[in-house]
Amino acid sequence: MEPTLAARALAAATEITASALSDVDPDAVLATVVRHAVELADADLGLVMVGADDGGVTVEAGHGATGAAGADLLGLVLPAESAAGRVAAGGETVVTDDVTSDPRTSRFVPAVLRAYGPFAAASFGQGGRLLGALTVYRDRGAEPFSPEIVEVLTAFAGQAGVVLALAEGANARHRVTLYEERERIARELHDVIVQRLYAAGMQLDRVRRRMRWRFAQADGARLGEAIDQLDATIQEIRGTVRELRTTEIEPHGAELAATRTDLAESARGEVRIAGELLGYPPTLELSGELADIPAERADHVRAALREALSNVVRHSGASEVRVTMHRDGEGLRLRVRDNGCGVPRDVARRGLRHLAERAEGAGGTFAVNSSPSMGTMVAFDLPLDAA
């Protein structure tokens, strides 16, 4: 191989590698590949054709020596029986002096390509990772592609395809890392920050309720405003958590097919905070596998537990609280029982209505049984197969 041609091919491969492994748009990388192919082969037109499930190929990038010719062909589809289709499926490199008269190629040449003669097509990629075909054309009547040029084109197409395949894997790993980091931040916000704000709000509310009346009017109003601000902050953080978990960056690969949450640990944290506010620890009973609950399911159950314990602390006056959480073949079952005075009629039930809406939207059920003599029982059940 001519040393100058080999050096040019190496320089082209280096540029493509640098682009592919950076944050450059993949379409721009393909454009770079086909531009270099045209320059190396001294061609008048180059096309990158990507294989489809039906064996056909579609032009994803093009470059013409005269300028716009390549761009005009984007989206052109050729059948699996075409030379490019056969090459993309793993066939040998195809070379001909005239693409319009050679019986191997002539039947599948579209009208827009009939002004060309010499033609070469090489597999884009190597081994079991073929992306498509890299094709080059020269104007009708031009000198055919030499064996040396075809050799360079074949090697270049294989190397460029491998680089893009590796870059695709690197980008996928980057997306996974980014997704995991967003999930970690969301979990920290939800499980740590919200819990602390929630506990602070509950403590302030208890202080406000215990204040002697002659001091309560002004200071009580200020405490009420502080509690409202904490509630608003909690809602904003929960909104941020939802945004972090529902972005365009989706989990890729089996390892992120379903993000999981240790619901048992979350339940212990909620019960611990409630115990600090009540002055005694609620009883907690856990059964079934709770360490791998889908995050969206776990959020619903955690919200139900938090709201139920909040009502116990605020209103019940209970001396005993029992929390049970069970997972079986049908799903998750949460029960929060207390022996208090029940949910007072004059208490806003917005939180309970919100949980009822959560349960209905997630395909589950929610119920509250409350009376002054029997206390309160909150039931929240969710299936796990409707996430």
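The expected span of a helix is 1.5 Å times one less than its number of residues. I keep that rule at hand for the entries below.

**Entry 1: the whole model.** I am working with a predicted model. I counted eight helices and 13 strands in the protein. I looked up burial next: 47% of the 387 residues are buried. I then took the contacts with a separation of 6 or more, and 65% of them join residues 24 or more positions apart. The exposed surface comes to about 19700 Å², and carbon and sulfur atoms supply 52% of that area.

**Entry 2: helix α7.** I checked the length of α7, which runs over residues 295-316. Its 22 residues should span 32 Å, and the end C-alpha atoms lie 30 Å apart, so the two values agree. Is α7 enclosed or open? I found 19 of its 22 residues buried, so the rest of the structure largely encloses α7. Just after α7 comes Gly-317, with a positive phi of about 65 degrees.

**Entry 3: α6 against α7.** I looked up how helix α6, residues 263-278, packs on α7. The angle is about 10 degrees, and the axes are 10 Å apart. Angles under 35 degrees count as roughly parallel, so α6 is roughly parallel to α7. The crossing of α6 and α7 is right-handed.

Which residues make the contact? On α6 I noted Leu-263, Ala-267, Val-271 and Leu-278 among them. On α7 the contact residues include Ala-298, Arg-302, Leu-305, Leu-309 and Val-313.

Methods: Residues numbered from 1 in each chain as written. Predicted model: local features only at pLDDT ≥ 70, side-chain atom pairs only at ≥ 80, totals over all residues. Heavy atoms only, no water. Helix = DSSP H or I, 4+ residues; strand = E, 2+ residues; numbered from the N terminus. Buried < 20%, exposed > 50% of the residue type's maximum accessible area, 1.4 Å probe, protein only. Contact = heavy atoms within 4.5 Å. Areas by Shrake-Rupley, 256 points an atom, 1.4 Å probe, with all protein chains shown as cover. Axes fitted to C-alpha atoms, helices over the stretch in contact; angles between N-to-C directions. Parallel < 35°, antiparallel > 145°, perpendicular 65-115°, else oblique. Left-handed = near helix turned anticlockwise from the far one by under 90°.
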